[in-house]
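Please consult the sequence and the structure below while reading.

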Amino acid sequence: MSKGSPHSWYLSMSARYGDIASVRLGSNLVVCISSTKILRELFNRFESTGRPQTPLNALMGGLGIVLSEDILWKRQRYFLHDKFRALGVNLWKNQRLEKIIMAEIEELLRNLEKRAEEPVDPVMVLGRHLHNVICQLMMSFRFEEGNEEFVIFNERLSRSMNLYGSIHIGEHLPCYLKLPGKKTVLKEIRRSLQDISQFHAKHIEKRLKKRADLSGKEEQNDLLDYYLEQMQNEETGAAQAIFNNVDPVKQIVQVMNDLFSAGMETSRTTIVWLLLMMLREPKVAQKVMDDLSNVVEVGKIVTMEHRSKLPYVEAVIYETLRRVSVVPLGTTHVNTKEWEINGYSIPAGTHIVPLINKINMDPKYFYEPEKFLPERFLKNGVLCIPECFIPFGVGRRICLGMHLARIELFLFFTNIMNNYKFTLADGQELPGLEGTFGATHSPRPYTLIFKQLQLK
Ligand code: HEM
């Protein structure tokens, strides 16, 4: 980890001062917490749900779900939770969600077949399929192969996530963002955001027109329909209840932007790490393949019905999330009231950073944390997730897409493993576990050669 990154300062501070460590950065007091017990206690309080008012967060205008606060956030959270359930995200098995994900996986497998024997960048090949899952839930739309707009978004999103890491200090020292190079970075992030917002706004416009043509005979097929129904439902005050006086279209656009970024990059990065782990840990890879072949014929499709019979495979997914900490610092919270905890006073308005990466590598929680041991997530052969393990955060703002992510990780990973053998393309060194730190922790780029496994 580069010495100057916030990740490394926070880790060294907490190594020195313990589970609750504070530092003043510019005008902000930052408290890093590296105990799940304390995080659980604090983040379950409603007054932990604030977000920092910083120059980067200001780009989102306090709208959406990830960076909104107070009543607007609370209402989006309930609304989205409820509608995710209605669309089948929490309740397996739901025909529609299953069809959406399976269609993407089948296309991914066909694409890999077409590209057999040529170097494939897993970041590029997975992005469109994972994004299509969220896009279908949001607005019943999918990007076809080769769609230019998607290629541009995909690149911009990955780049913005990495650029975010490079100007993170500007969150605390706004003058830093005025330095020539940093100003350009901020401009680039702003431009990407505008392009993505415009894309979503266009979809809303089209859908409004379609709804007007249907005049009252619309069905609720996706999140956009659910939102527009609220927006247009003036009589019952539903619009006010959800949008809390903000511009509804802008709010819907930002929710879509948030799901676009929170929903794709994280799952994709985890799968790219998983594939790398299989190269680094050939014995684990062999066990995954053996377990899979005991449950599903090699070369056949793995479905959610197989999940309960594959605890080791799920343990590999959790161990990967632990070992590399895909979202190392969660998302910063702000307390809206003063807190007393373990004899410390934390004034209202403090930036509270959950050190998920520290917890994941703490020998107090995980025996020999440097080692990749999926067995630590199994008890008598049954999947067992320790309370201290919080890759999706904890408390009231715990990841909204956790269930969807778990389904995606399982289905994409198992289907690749049950259908393809892969090796690093010629001439590359096996990347280490030290990747690039931005909003997520992603592996160094690598390419793979996929070879289809033959049906027995
Ligand atoms: C491996 C995949 C994923 C990981 C590791 C992950 C992790 C996280 C973490 C650590 C947070 C911060 C929680 C906090 O503020 O304390 C978060 C928030 C969030 N995640 Fe995920 N996430 C993943 C996938 C997804 C997916 C697929 C979606 C799509 C719906 C999603 C949507 C969100 C949203 C909307 C929030 C903000 C919630 C709020 O502020 O109320 N995530 N995620």
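Helix 13 passes helix 15 in a right-handed crossing; a crossing is right-handed if the near helix is turned clockwise from the far one by less than a right angle, and left-handed if anticlockwise. Helices (H or I, at least four residues) and strands (E, at least two) are DSSP runs, numbered from the N terminus. The model is predicted: local features need pLDDT of at least 70 and side-chain atom pairs count only at pLDDT 80 or more, while totals for chains, interfaces and linings use all residues. Residues are numbered from 1 along each chain as its sequence is written.

**Helix 13 with helix 15**

- Helix 13 (residues 311-324) and helix 15 pack at an angle of about 110 degrees, with their axes 11 Å apart; axes are lines fitted to C-alpha atoms, for helices over the stretch in contact, and angles run from 0 to 180 degrees between N-to-C directions.
- Helix 13 is therefore roughly perpendicular to helix 15 (65 to 115 degrees; under 35 is roughly parallel, over 145 roughly antiparallel and the rest oblique).
- Val-313, Glu-314 and Ile-317 of helix 13 meet Leu-409, Phe-410, Phe-413 and Thr-414 of helix 15, where contact requires C-beta atoms, placed from the backbone, to lie within 7 Å.
- The residues of this contact between helix 13 and helix 15 comprise 5 nonpolar, 1 polar and 1 charged; Ala, Val, Leu, Ile, Met, Phe, Trp, Tyr, Cys and Pro count as nonpolar, Asp, Glu, Lys and Arg as charged, and the others, Gly among them, as polar.

**Helix 11 with helix 13**

- The axes of helix 11 and helix 13 cross at roughly 100 degrees and come within 10 Å, which means that helix 11 is roughly perpendicular to helix 13.
- Helix 11 contributes Thr-270, Trp-273, Leu-274 and Met-277 to the contact, and helix 13 contributes Ile-317, Thr-320, Leu-321 and Val-324.
- By class, the contact of helix 11 with helix 13 has 6 nonpolar, 2 polar and no charged residues.

**Helix 6 with helix 11**

- Helix 6 (residues 122-139) and helix 11 have axes that come within 9 Å and cross at roughly 140 degrees, so helix 6 is oblique to helix 11.
- The crossing of helix 6 and helix 11 is right-handed.
- The residues of the contact of helix 6 with helix 11 divide into 13 nonpolar, 4 polar and 1 charged.

**Shell around the ligand**

- Of the 25 residues around the ligand, Gly-263, Thr-266, Gly-393, Cys-399 and Gly-401 come nearest; a residue is near if its C-beta atom, placed from the backbone, lies within 6 Å.
- Helix 11 (248-280) and helix 15 (402-419) each supply at least two residues of this shell, and the largest share, 7 residues, comes from helix 11.
- The shell residues are 14 nonpolar, 8 polar and 3 charged.

**Individual residues**

- Ser-325, in the loop between helix 13 and strand 3 (333-334), has a positive phi of about 45 degrees although it is not a glycine.
- Ser-325 counts as buried because 24 C-beta neighbours lie inside 10 Å; the class is buried at 20 or more other C-beta atoms within 10 Å, exposed at 12 or fewer, and partly exposed in between, with C-beta atoms placed from the backbone.
- Asn-342, in the loop between strand 4 (339-341) and strand 5 (344-346), also has a positive phi of about 45 degrees and is not a glycine.
- Asn-342 counts as exposed because it has 10 C-beta neighbours inside 10 Å.
- Glu-113 lies in helix 5 (residues 95-114) and is partly exposed, with 13 other C-beta atoms within 10 Å.

Technical notes
Two residues are in contact if their C-beta atoms, placed from the backbone, lie within 7 Å.
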